[in-house]
There are 2 protein chains.
Amino acid sequence: MATDFTEETAADAVTESFAPSTNPRLREILTSLVGHLHAFARDVELTIPEWETAIDFLTRTGHKCDDDRQEFILLSDVLGMSMLVETISNRKFGVATESTVLGPFHVVESPVLELGANIDLVGGGTPCVVTGRVVSVDRTPLPGAKLDVWQANDQGFYDVQQPDVQPRTNGRGLFTADSNGEFWFRTVVPSPYPIPTDGPVGELLIATGRHAYRPAHIHFIVTADGHRPLTTHMFVAGSDYIESDTVFAVKKSLVVDFAKVTDPAAAAKWNVAVPFRHAHFEIVMQPGS
Amino acid sequence: MATDFTEETAADAVTESFAPSTNPRLREILTSLVGHLHAFARDVELTIPEWETAIDFLTRTGHKCDDDRQEFILLSDVLGMSMLVETISNRKFGVATESTVLGPFHVVESPVLELGANIDLVGGGTPCVVTGRVVSVDRTPLPGAKLDVWQANDQGFYDVQQPDVQPRTNGRGLFTADSNGEFWFRTVVPSPYPIPTDGPVGELLIATGRHAYRPAHIHFIVTADGHRPLTTHMFVAGSDYIESDTVFAVKKSLVVDFAKVTDPAAAAKWNVAVPFRHAHFEIVMQPGS
């Protein structure tokens, strides 16, 4: 008999079960996955009750998913898998601005706004001016680059989380860089916030003594002709949780000083009141498609 | 800053996020799991579209689960994980009868039956007599051992899969071994059958060119005072798929000859018609609790 299941031969037996006609990439992925999953079970000598707990956890994670909630993405996030995949995908682009995770809140089309517009439709919190420039890796400015921006408010909530409190598209804007590749807009300094914890992923965080928070950040998706689209964040330097983001999305190069400004002339230039914060984000795009 | 996400440090960063208060076993399991999942993603250089496919697959697998269907167990089965965990749990019991997977059809309480009863409530197919003995590892008989038996019919379906065709508890029985540890019952030779393929696991089998079949078998859960409970199968020697069980549950030691018998005296002894099949299963139990 060809098959006699043993711990040592099991992963090979599974791999060999894939027919020669299997798509080579699918076979490569499944071979590695099965090898690592089997090695995991052997390493920890996974018990049957523990396996049952895992089956129940995965089942409840699936049942928590609906059109507005993606619990498997949250699970991937808190295990660092989302960030790992994002990093692998961008590993060849060393001089360009680093990428980070998309996150689950890019669910509303951002309104097209003029440079200088205020994406904070509510007021309150600490006013903030964001300026920056979009350039190619050789520092050539990229006029006409598009910047899709979204963020939580100063209480740590996105518009879609508070449909009765925040106006639709609060904290969102789609800007076009000017002829020098420069952009600027007004907003409010975002707040750290917890990821949703009322599901299995929240149970996992509690069981492992982890907090659920992300440090304050503003999301960007930047596109420019002839360049690779960039999905990233600008993190607020000094924010709580900047060293312990629960989804591991922080990269040093993406942490930006939100400097306090008290100069009335600067306030007048940007049409804000003093004191305000000013953050500058230089965005370097990788040529490609 | 303590945290700057890189491919190499990512798994450690996740592991370090678990608080010192984390249950040591949970920490051990998650540390190994995260290490292996990250190594998998790095090994195959998992792309963002592939990650999205995985999230979608897991989500749909969760949505397929309900009170009667456990798609995550099927997934574990076809990846060999169920059998691996079962084997690890029983690795220290070399001289005892080997275990194998429980499977998803042990969902009905088996009716208490007298030795010699026929668990085939329908007729048709090839009649079969199963005899055997339950002993301890030192070959001492175990009188009063309980044998919970269940099987598919000769068409490859369990009673619960055909509530309109098969009587309730067809193919099921709970027997008590006699004063010599011996047992015997009548049934029909079971048929190979496919696992359910109308879900994501079926898609996976199709994509990898795998068949969905299990070789013919009879399930046993055996319990005896002072001994470890045993979950196993008796496989029909020569069955189709005996070398390619889609859930990898076959062990050579569990493959039993279902010998053809044409002797009228033997038929009379067991109260069956000739020709019939006779299978004998010696069950060796490990002392323990």
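Modeller: The turns below treat the chain, its sheets, a helix and the contact between copies.

Modeller: This is a predicted model, in which local features need pLDDT of at least 70 and side-chain atom pairs count only at pLDDT 80 or more, while totals for chains, interfaces and linings use all residues. Residues are numbered from 1 along each chain as its sequence is written, and chains are lettered from A and ligands numbered from 1 in the order in which they are written.

Biologist: How many helices and strands are there in chain A, and what makes a run count as one?

Modeller: Chain A has seven helices and 11 strands. Helices are DSSP runs of H or I with at least four residues, strands are runs of E with at least two, and both are numbered from the N terminus. The C-alpha atoms of chain A fill a box of roughly 85 × 40 × 30 Å along the principal axes.

Biologist: Why are β4 and β10 of chain A said to stand at the edges?

Modeller: The open sheet of four strands in chain A runs in the order β4-β1-β11-β10, with mixed pairing. β4 (182-188) and β10 (259-261) each have a single partner strand, so one side of each is left without a neighbour in the sheet.

Biologist: How do you know that β1 and β11 of chain A pair?

Modeller: Two strands pair if DSSP finds at least two bridges between them. Strands β1 (residues 127-136) and β11 (residues 276-285) of chain A share nine bridges in the parallel sense, and therefore they meet that criterion. A:Ser136 stands opposite A:Met285 in β11(A).

Biologist: What makes strand β8 of chain B mostly covered?

Modeller: Six of the seven residues of β8(B) (residues 230-236) are buried. A residue is buried if 20 or more other C-beta atoms lie within 10 Å of its own, exposed if 12 or fewer, and partly exposed in between, with C-beta atoms placed from the backbone.

Biologist: Which strands pair with β8(B), and in what sense?

Modeller: Strand β7 (residues 217-223) of chain B pairs with β8(B) in the antiparallel sense over six bridges, and B:Leu230 is the bridge partner of B:Val222. In the hairpin of these strands, with six residues between them, B:Gly226 takes a positive phi near 75 degrees. Strand β9 (residues 255-256) of chain B pairs with β8(B) in the parallel sense over two bridges, and B:Val236 stands opposite B:Val256 in β9(B).

Biologist: Why are the buried residues of helix α6 of chain B placed on the same side?

Modeller: In α6(B) (residues 200-207), the residues B:Pro200, B:Val201, B:Leu204 and B:Leu205 are buried. They cover an arc of only 145 degrees around the axis, which puts them on the same side of α6(B); the arc is that of the directions from the helix axis to the C-beta atoms. The buried residues of α6(B) pack against α3 and α4 of chain B.

Biologist: How do you know that the two copies are related as by a two-fold rotation axis?

Modeller: A rotation of 180 degrees with 0.0 Å of shift along its axis superposes chain B on chain A, with an RMSD of 0.1 Å. The copies are thus related as by a two-fold rotation axis. The superposition is by least squares on the C-alpha atoms of residues with pLDDT of at least 70 in both. In chain B, the C-alpha nearest the axis belongs to B:Gly62, 2.0 Å from it.

Biologist: What makes residues of chain B count as in contact with chain A, and how many do?

Modeller: Two residues are in contact if their C-beta atoms, placed from the backbone, lie within 7 Å. In chain B, 69 residues are in contact with 69 residues of chain A. The largest share of this side of chain B, 16 residues, comes from α2(B).
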